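Look over the sequence and the structure before reading on.

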Amino acid sequence: MAEFLLKRNDYTHPDADKDRRGVHKRTDVCNFKPNGFSLFPNGPGSYLNDFIFICVPDLDIAEANYRESWKDNFDYEIVASRPALGEYDIRVFELNPGAINQNAIAGTKATKIRDYMLAWGCSGFVLSSTDATFTFSLWDAVRSANFWDVPLIGTRVTFVLNSYVPASGIGNITVSPIEGQWGTSTEQQISQTITRKITERGGTLISQIYPNFVFEIERSDILTRFRADVKRRMEQTYMRHQYSIPQTDHDAIVSAGGIVTMTRVEFLSKLIDKMAAT
Amino acid sequence: MATTVTKVIDPDMGSGYDYDSLYDWEAAQQGDLTGARNEIAVAKCRCTAGTADTTAFTMDGWTTSATQYIKTWTDTSETYRHNGTYQTGNKYRIEISNTNAIMASEEFVKIIGIQIKCTKSSSSNVRGICFWFTGDGISYAESCIVVGTGGDPYSSTDMGGISIYQPPTNSKIFVINCIVYGFTSPTSISYGFGVSPYYVNAITYIYNCTLLDNTCGFYSISSLSYLKNVLLKGNITRDIYHVNTLAAHVSYCSKSDSYSEFTDDGNNRNSQTFSFVGAADFHLQASDTGALGYGLNLYNDADYPFQTDIDGQDRGGAAASWDIGADEYVSSAIEQEGFRFRNDDGSESAATWKANQDVNINLAADTAFRLRFLLKATGNPDSIDAQAEARVKPSGGAFGAWEKIN
């Protein structure tokens, strides 16, 4: 028991990226409401000026969420690992690329992701038309700006790799702030900045005798944090709405007065999943 | 000059409504405000029968400017705005789960007097208000109450009150007179925050806000921020935390933790205790010693001069002493301003007058009469615990006992 709203009129944003990502297109399934909404017991407000309605009495409201956006969803595959070096070769790809790879990791999107990963110390990027492969190194990652969330971290601290055990993947590292590179910050403040980020990135603080902070971190732990961070910061909306109906059906609804009733089967047969469409 | 086009949002679809959600309003009104429309697009939010707006919405795909902007608000001339505490009933509010309640992907957006409650039970990012735009512009969140509930079972995604990403160098974000509380993350201060600019090239201004009981009250990475008159209490790990040490300027802030700030101007107060009216009512009490009277007067602030607090009370002009936090304590009182006796000869509206205003009368015993009296409230009437009582004095006798008027 649901009703679907589609915009009556169309609008095109001059920025093509914004137009795709942000604009509710006329044929998009813009929203859904419970059955009977379009009876408007208190009057229609502005709805009939702006929207048309498809009433589908036999479609359950729990099934009606066809207003969602088409969003990025990154996934990763370990192509190769070199435990002795603490390195992984990784392929990052898009789980929602679209039938013709229109949202694949390519072009500007791939460049943005690459730049973000470079700030995590990643290297060896190879961009294809659909995905990217790169090398993730524990040692490079713990010395990166994105690990510490501090730009130019290398000018503020020194790092020493005390040990690395290939079998366990655990690195033992000393990080030491460089005197004169932290403005007026006190030892307490600098210590907090360093120790909190170690913990946040999955490391374990072993000892802390200022200015030396010794911590251990395991390669798969930091990889997990890295993946989560990239998902959090880089995933975007690709298209404002994932589902639409054909233009001819939209025109027919407008001609019929703007409110039509369909069966569930009829409605679903008209529904276009843009992600699956070619 | 741009034309203001106001649409009414009311989840209860009461008289005069246009849409039942901000989501529908955004979809319907989306467009180029700078072209032929030459418009300020205003969503005036109501809640005529107590229903919350439960659909998250994104402002994206518009074209705006400094004079042709988007404004979502509760009008103070109506009765649907909160009173400085998170309120249900007939107060407009957005209540959502497992997503961003308001995503402002456009520049030149004003969000004023909106209540937001966020619940998180999945691995999705959850933010009350998220400013995430890439064009140059100025946006505002003012007099909003943003509440996080339910905790956060996930450690690698945001559970944040007001989040600011990406605005470029020529942009400004103002967060004024807002209360943000209850946004927590189980492991990381970067995920559970009250207000957080993250790698923002724009300038962020946080003035007279109250940030409480988040994992971190204010969390900033490499973002130029100015915090003035911010009250921070009970934020679990830190009240203020900023990674790029010189980018956050903290002035006249008061907080409960003991950490000194990187850019302390000498006017901040650490290890403070605060006295609020209630557990979820963050109006200051007269007895407060942590924030009351310790603020910087921002009446002539160079970037955002203003004069009122979260519930519209006057903080005072250029010479006034300001409080820290979203609320300005104003002493409150109710006094009788006048009275007038009436005959008991009709309904409440039709009864005739017995005497002029403020004139005493004599009546035979057991005579029914009506009395109207006028009360004048100063300060915050909601903070007054008052009741009306009356007593009778027989001719030649003594006053009787006070009796409560219901």
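Into which domains is chain A divided? The model is predicted, and in it chain A has domain 1 (2-70 + 238-273) and domain 2 (74-235). The centres of these two domains of chain A, taken over C-alpha atoms, are 43 Å apart.

**Helix α6 of chain A**
- Helix α6 (residues 187-200) of chain A has 14 residues, and at 1.5 Å a residue they should span 20 Å.
- Buried residues of α6(A) are I190(A), T193(A), I194(A), K197(A), I198(A) and E200(A).
- Just after α6(A) comes G202(A), with a positive phi of about 95°.

**Chain B**
- Chain B holds one helix and 29 strands.
- Its C-alpha trace spans about 80 × 50 × 45 Å along the principal axes.
- Chain B has 406 residues, of which 50% count as buried.
- Among contacts in chain B with a separation of 6 or more, 62% join residues 24 or more positions apart.

**Where the chains meet**
- Chain B gives 31 residues to the contact, and chain A gives 30 residues.
- On the side of chain B that touches chain A, helix α1 (residues 22-29) of chain B supplies the largest share, four residues.
- That side of chain B is made up of 11 nonpolar, 15 polar and five charged residues.

Conventions: Residues numbered from 1 in each chain as written. Chains lettered and ligands numbered in written order. Predicted model: local features only at pLDDT ≥ 70, side-chain atom pairs only at ≥ 80, totals over all residues. Contact = placed C-beta atoms within 7 Å. Helix = DSSP H or I, 4+ residues; strand = E, 2+ residues; numbered from the N terminus. Nonpolar A, V, L, I, M, F, W, Y, C, P; charged D, E, K, R; others polar. Buried ≥ 20, exposed ≤ 12 C-beta atoms within 10 Å, placed from the backbone. Domains from an automatic or database assignment. Expected span 1.5 Å × (residues − 1).
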